[in-house]
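Hi,

Here is the structure I said I would pass on. Have a look at it, and then read my notes below.

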Amino acid sequence: MRVSSEGRIVSYEAFLGWFEGKRVFATEIVSSRLRLPFPVLPTPKSLLLPQREVLYRFFWEKRTWNITPAFPSEETVFLLCAPCEARAVVRVLDAVFLESAPQDTSYARRRKGLTLFVVGCTFFGATCFCTRVGGSPLSSEGASGFVLSLPFGMYLEGEGPEGRSPGPLEKEELERVLEHLKQSAPPPFPERTPEYLFQAFGEASWEEVAWGCLNCGACTFLCPTCFCFDLAPEGRLRGAMIRTWDSCQFPKFTLHASSHNPRPHPLQRVRQRILHKFSYFPLRKGCFSCVGCGRCVLVCPVNWSIQEAVERMVSGAQ
Amino acid sequence: MELRDAARKLLEEGTVQGILGYRRGSLPFRTRPYLFRNPEDIEDLIFTPFCTVNLARYLFHLPRDCRKVAVVAKGCDGRSLVVLMQENQVRREDLYILGVRCPGMVDRRKLEERWERLGEEEVCVAGETLVVRGVAYPLSSFLEPSCRRCRHRSPLVYDVLLGEEAPLPPREDVLSELRCLPPGERWAFFAREFSRCIRCYACRNACPMCYCKECFAESHMPSFLHPSPTLRDTFVFHLGRAMHLAGRCVACGACERACPLGIPIATLFFAVAETVREHFAFEAGMDVAALAPFVTYREDDPDACIQ
């Protein structure tokens, strides 16, 4: 957490004015904190990996399949999002769809047109835990611009309208915000959490940890990092192949064609969600695939908390 | 607290192996369903106007060694248990119904919308008033729609009924506005609401009556609807559920409260429940012995199409 020397102060009006004529969206977290005239999206995932996406169209004619791939446009889009959500794009979604082989063409095209503009956080919300998973409320990772809304105006870094450099009083206020964030930041999970959880696969305590979860897909669908999808054709002889979100919490997620299901029990599916985010993914890619936005806790019908679950499972580690 | 004493006694005497109840959540106005198995944990057992989950659902989440379970049941949970008994999903002798008199559930979204950073300690319910930060408001305007139209706030079948008896406040017709609209606008209302649906199935999974091993919504062979949430498929899902729940739905509103997007799904189910009541003079969950209208066949059925 730092205040950069290149930071500048702009007015709210100038900030909005800069986006005029551009295609801009804001995520729910951002628009719940700042009054913005932009259309609202649940998470950046809705732009990059829409819930319904045509991959190709097909029809059967003269005893052959005719296939036309559907390419999304590379139109430039701005997205105002929270630091955790930008991290979800850069660290998780990009790692899966861009940096792995083969690259996902339609994701790559959408990603090329997307510019992230991070709106920093001045406080930790009730369900926030970004600092527990390596994030920061002031991180501008992956963003072209960074803005912090403060009582005296907008503190801006990177791309954006011109402004004036902060005066001594404003610097003091910024320092105060930084200090407050530092004091209230939840401490990170233990360093060897992924390894420890991997070992804990067979423990009996999962049953109690997982109990209460209704196995709906609210958390995974509204998670900025959950990227699992399903391919389902629409139409028989003429139609389209549709990509749509899928959730590891659904009983048919792992159903094999042989009718065998390796995860038939709700407990196994809850454990999978935790282990994928906090063990398998970090062991392979080097970072948690949870960015600590806490949305899953907020939207859960029974207030089930992944943070508490991980805490409970690693409590034996130290 | 009366409820805690009763629950502790049941566990200590070994009458039941577990108690399905509520405990505090991690956020204000949130409660969590919990299976209490140790008498020491009973201190955490609560019953507040925010215990919105229907606990009858959790009968399908019991560990195997939990043969007999006590359920903290408000009116709607109790009626759900009756339907589950009718449908042979649970036996009366395996249940101990800890009935509680329900004050009606407060819509936390309404509170969060109106007051910023409201703490749970700043809100209390006293009779028919809701006191927020020292100011009294009529409770009915903050209740969940399902509670505003509720006829039976206490369970009808129970082993013990706790709490003070209070007169049932006047029942509100929550559908009146919608009923006045022409069919086209009614359709537009549902289309607008359902277009936000992401088909996470939280409504179905929170519903105590949706216990099918394989839901028609997720069936592949045959496939009834596409997994992507087009308005058409979403309508098929919600209307399909409405048909399956006709005569079984107790209108508890758990589906609506589970919805992460706040779609008023229960509206559909209130309409279905009222249609069944009107045409079959039947209300779900009133009597264990009563047969549901859609599982009965009478040779003298007055409706010619069924003979």
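**Where the two chains touch**

In this model, 27 residues of chain A are in contact with 24 residues of chain B. Please keep in mind while you look around that the model is predicted.

Which parts of chain A make up its side of this contact? Four elements of chain A each give at least two residues to the side that touches chain B: helix 9 (218-221), strand 10 (229-234), strand 11 (238-245) and helix 11 (295-299). Strand 10 of chain A has the largest share of that side, with three residues. Sorted by class, the side of chain A that touches chain B has 14 nonpolar residues, eight polar ones and five charged ones.

**Chain A as a whole**

If you want the overall picture, chain A has twelve helices and eleven strands. Its radius of gyration is 22 Å, close to the 20 Å that the globule rule gives for 318 residues, so chain A is as compact as a globular protein of that length. Along the principal axes, the C-alpha atoms of chain A fill a box of roughly 70 × 55 × 35 Å.

How many of the 318 residues of chain A count as buried? The share is 40%. I also looked at contacts in chain A between residues at least 6 apart in sequence, and 73% of these join residues at least 24 apart.

**A sheet in chain A**

In case you'd like to trace the pairing, strand 4 (residues 52-61) and strand 11 of chain A run antiparallel to each other over seven bridges. A:Arg52 has A:Thr244 of strand 11 as its bridge partner, and A:Tyr56 has A:Met241 of that strand.

**Over in chain B**

Chain B has an open sheet too, made of three strands in the order 5-6-7 with antiparallel pairing. Strand 5 (123-126) and strand 7 (135-138) of chain B are the edge strands, and each pairs on one side only. The twist averages 30° from one strand to the next. Strand 5 and strand 6 (residues 129-132) of chain B pair over four bridges in the antiparallel sense, and B:Val123 has B:Val132 in strand 6 as its bridge partner.

**The nonpolar core**

In soluble globular proteins, nonpolar side chains tend to be buried together. The largest nonpolar core here has 154 residues, and those with the most contacts inside it include B:Ala7, B:Val71, B:Cys255 and B:Phe269.

What is B:Ala7 in contact with, leaving aside its neighbours within four places in sequence? Its contacts are B:Ile19, B:Gly21, B:Phe36, B:Ile42, B:Leu45, B:Ala70 and B:Leu98. Of these, B:Ala70 and B:Leu98 are also among the residues with the most contacts inside the core.

Cheers

Technical notes
Residues numbered from 1 in each chain as written. Chains lettered and ligands numbered in written order. Predicted model: local features only at pLDDT ≥ 70, side-chain atom pairs only at ≥ 80, totals over all residues. Contact = placed C-beta atoms within 7 Å. Nonpolar A, V, L, I, M, F, W, Y, C, P; charged D, E, K, R; others polar. Pairing = 2+ DSSP bridges. Rg over C-alpha atoms; globule rule 2.2 N^0.38 Å. Buried ≥ 20, exposed ≤ 12 C-beta atoms within 10 Å, placed from the backbone. Core = buried A, V, L, I, M, F, W, Y, C linked by C-beta atoms within 7 Å. Axes fitted to C-alpha atoms, helices over the stretch in contact; angles between N-to-C directions.
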